[in-house]
Amino acid sequence: MARQLRAANTPLMENFTNETIDTTQLPKFEEVTFTKLHAAYWKVLLINIGVLFLLIGLASALMVWNIPELEAYQLQIGAGILVIYGLLLLCYRIGFQKKGFAFRMHDVLFRQGVIATNTMVIPYNRIQHVSLHEGIVSRMFGLAKIEIFTAGGHSSDLEIPGIEKQQAENIKQLLMGKIQKEL
């Protein structure tokens, strides 16, 4: 035990400083120019949402027509469903327009949100694995999604959708190169 304490009092500890950082001088990620998602990704979202709305609409129609007490309210229920669809489409459109990504020298940034904007900053040294994913509809438009897996668990993983496939492959190679440098 005495030997361990003696090692802690080496000259290296005498030069230790812990000065305060002026946070007003730190670079601001808000000033970064974010790349918007590919415009064709909005079509992918519309197709995916349309299929979902169609299935929900059919299920709702079957329910309304099979319950005699609801037949008198078919018009109101249908109008309510259309209003909900419209609001959801508006939220998806705003969310699509707010999404963006950026790559800096030491980290990757992804911004998203409808009411509140969330910006995730992931340092390259936290990235463990990168994969490229193409869904059926995305593939029809030549788009892919970059999936970034980090050392912080599932909640710190990142998915960047709506990127042109060739650009997504280039990004994957960039990230893989950054991971290799960190090893």
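The model is predicted, so local features need pLDDT of at least 70 and side-chain atom pairs count only at pLDDT 80 or more, while totals for chains, interfaces and linings use all residues. Residues are numbered from 1 along each chain as its sequence is written, and side-chain values use heavy atoms, with hydrogens and water left out.

Helices (H or I, at least four residues) and strands (E, at least two) are DSSP runs, numbered from the N terminus. The expected span of a helix is 1.5 Å times one less than its number of residues. The table sets out both helices.

| Helix | Residues in helix | Expected span | Distance between end C-alpha atoms |
|---|---|---|---|
| H4 | 25 residues | 36 Å | 36 Å |

Buried means under 20% relative accessible area, exposed over 50%, and partly exposed in between (1.4 Å probe, protein chains only). In H3, the buried residues are Ala-40, Tyr-41, Trp-42, Val-44, Leu-45, Ile-49, Phe-53, Ser-60 and Val-64. Their cover includes helix H4 (74-98), helix H5 (136-140), strand S6 (143-150) and strand S7 (158-164). In H4, the buried residues are Tyr-85, Gly-95 and Phe-96, and what covers them includes H3. Gly-86 also lies in H4; Gly-86 is partly exposed, with a relative accessible area of 36%.

The axes of H3 and H4 are 11 Å apart, and the two helices pack at an angle of about 160 degrees. Axes are lines fitted to C-alpha atoms, for helices over the stretch in contact, and angles run from 0 to 180 degrees between N-to-C directions. H3 is therefore roughly antiparallel to H4, a term for angles over 145 degrees. Contact means heavy atoms within 4.5 Å. On the H3 side, the residues making the contact include Tyr-41, Trp-42, Phe-53 and Trp-65, and on the H4 side they include Gln-74, Tyr-85, Arg-93 and Phe-96. By class, this contact has 16 nonpolar, 3 polar and 1 charged residues. Ala, Val, Leu, Ile, Met, Phe, Trp, Tyr, Cys and Pro count as nonpolar, Asp, Glu, Lys and Arg as charged, and the others, Gly among them, as polar.

Ser-156 is found in the loop between S6 and S7. Apart from neighbours within four places in sequence, Ser-156 is in contact with Met-120, Ile-122 and Thr-150. Between the C-alpha atoms of Ser-156 and Lys-99 the separation is 17 Å, and these residues are 57 residues apart along the chain.

Conventions: Parallel < 35°, antiparallel > 145°, perpendicular 65-115°, else oblique.
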